[in-house]
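Please keep the sequence and the coordinates at hand while reading.

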Amino acid sequence: MSRVIRAALFQTAWTGDKESMIQVHEQAVRDAAAQGAQVLCFQELFYGPYFCQVQDAAYYEYAERVPDGPTVRRFQALAEELGIVLVLPMYEEEQPGVLYNTAAVIDADGSYLGKYRKTHIPQVKGFWEKFYFRPGNTGWPVFDTAAGRIGVYICYDRHFPEGWRALGLAGAEIVFNPSATSRSLSSYLWQLEQPAAAVANEYFVGAINRVGVEPLGDNDFYGTSYFVDPEAQFVGEVAGDKEPELVVRDLDMGKLREVRDRWQFYRDRAPAAYGPLTAP
């Protein structure tokens with residue numbers, strides 16, 4: 001009998017302040033748990049605006065310690081209360097002046113499992129991320145959770161196939177890609193790249209994007225969050241492009257074995273031939 005994971009994504013709009021944004025996400029956790037979700041991932045930098053539309057050191061104040069900061073601790077308690085795995089994309093301060101775009105992973109018993117730090121950092125109009133973040137140094141960890149083996153790949157990372165493959169080699173069953181991506185920039189890629197990664201690496205992908213136009217700029221965040229299976233088929237409908245939405249879907253893990261038995265991509269890799277790919 002196939003193992004089914006009920007997984008959830010939450011896309012939402014900026015509320016105007018950090019505390020109300022956290023409260024909206026706390027309610028999303030409760031709603032997801034009430035629907036039987038075993039794991040829930042939030043959007044990139046979930047408790048703030050997407051401040052990378054401007055370059056302003058005032059936004060450094062959004063950074064917190066991970067896992068010892070107040071937001072992780074707050075959601076650890078909620079995860080334990082409701083028995084749900086949480087992926088929390090946050091602004092992390094390792095020490096003053098050392099800042100990362102990070103996702104903390106909390107297990108269903110409230111324990112902190114670890115973090116992924118965004119590896120690839122963009123610096124283009126409306127996405128001035130090098131002003132705020134160092135490139136990540138965690139590699140591509142896969143977390144053994146109560147809901148299965150989970151990986152995280154954050155926003156701009158998705159344009160780089162190497163991390164997707166590393167997560168597959170490490171045994172990921174579901175990879176979450178929390179994002180903040182704008183209609184005018186990337187919408188033509190949004191329903192192409194993650195399904196292609198799911199096929200190439202033979203796992204499920206959960207893609208999350210925020211919604212709305214925020215006061216800091218004219219980026220139009222277009223939502224359309226979704227789960228996709230390793231045959232590039234959307235699991236249920238794609239979320240809408242304008243409103244907050246909680247996406248809850250059943251992911252049949254039996255599909256992974258079915259696809260991997262049909263397409264032996266991992267068997268037929270030729271890593272000895274790939275050395276030049278890592279040359280600077």
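What volume does the second largest pocket have? The second largest pocket has a volume of about 190 Å³. A pocket is here an open set of points on a 1 Å grid over the protein atoms alone, where a 1.4 Å probe fits, with protein on both sides within 12 Å along at least five of seven lines. Its volume is the space filled by probe spheres set on the points, which are joined across faces, edges and corners. The model is predicted: local features need pLDDT of at least 70 and side-chain atom pairs count only at pLDDT 80 or more, while totals for chains, interfaces and linings use all residues. Residues are numbered from 1 along each chain as its sequence is written, and side-chain values use heavy atoms, with hydrogens and water left out.

The second largest pocket is lined by 15 residues, and Tyr-156, His-159, Thr-181, Leu-185 and Ser-186 lie nearest its centre; a lining residue has an atom within 4 Å of a point. The largest share of this lining, 4 residues, comes from α4. Helices (H or I, at least four residues) and strands (E, at least two) are DSSP runs, numbered from the N terminus. For the largest pocket, the volume is about 380 Å³. Its lining has 17 residues, of which Pro-161, Glu-162, Arg-165, Ala-166 and Leu-277 lie nearest the centre. The elements that give two or more residues to this lining are α3 (161-169) and α4 (183-201), and α3 provides the largest share, 5 residues.

Attention now turns to the sheet. An open sheet of 6 strands has the order β5-β4-β3-β2-β1-β15, with mixed pairing; two strands pair if DSSP finds at least two bridges between them. The edge strands, each pairing on one side only, are β5 (112-117) and β15 (245-252). On average, neighbouring strands are turned by 30° against each other, direction ignored. Axes are lines fitted to C-alpha atoms, for helices over the stretch in contact, and angles run from 0 to 180 degrees between N-to-C directions. Helix α2 (residues 70-82) lies across β3, β4 and β5, running at about 160° to β3, where contact means heavy atoms within 4.5 Å.

Within this sheet, β3 (residues 85-95) and β4 (residues 98-106) run antiparallel and are joined by 9 bridges. Leu-86 has Ile-106 in β4 as its bridge partner, and Leu-88 stands opposite Ala-104. The two strands form a hairpin with 2 residues between them, and Gly-97 in the turn has a positive phi of about 85°. Buried means under 20% relative accessible area, exposed over 50%, and partly exposed in between (1.4 Å probe, protein chains only).

Some backbone features remain. Most residues other than glycine have a negative phi, and most peptide bonds are trans. A cis peptide bond joins Val-66 and Pro-67, with omega of about 15°; Pro-67 is in the loop between β2 (39-41) and α2. Glu-202 has a positive phi near 60° in the loop between α4 and β11 (204-209), and Glu-202 is buried, with a relative accessible area of 0%. Ala-232 has a positive phi of about 65° in the loop between β14 (226-228) and β15, but Ala-232 is partly exposed, with a relative accessible area of 30%.
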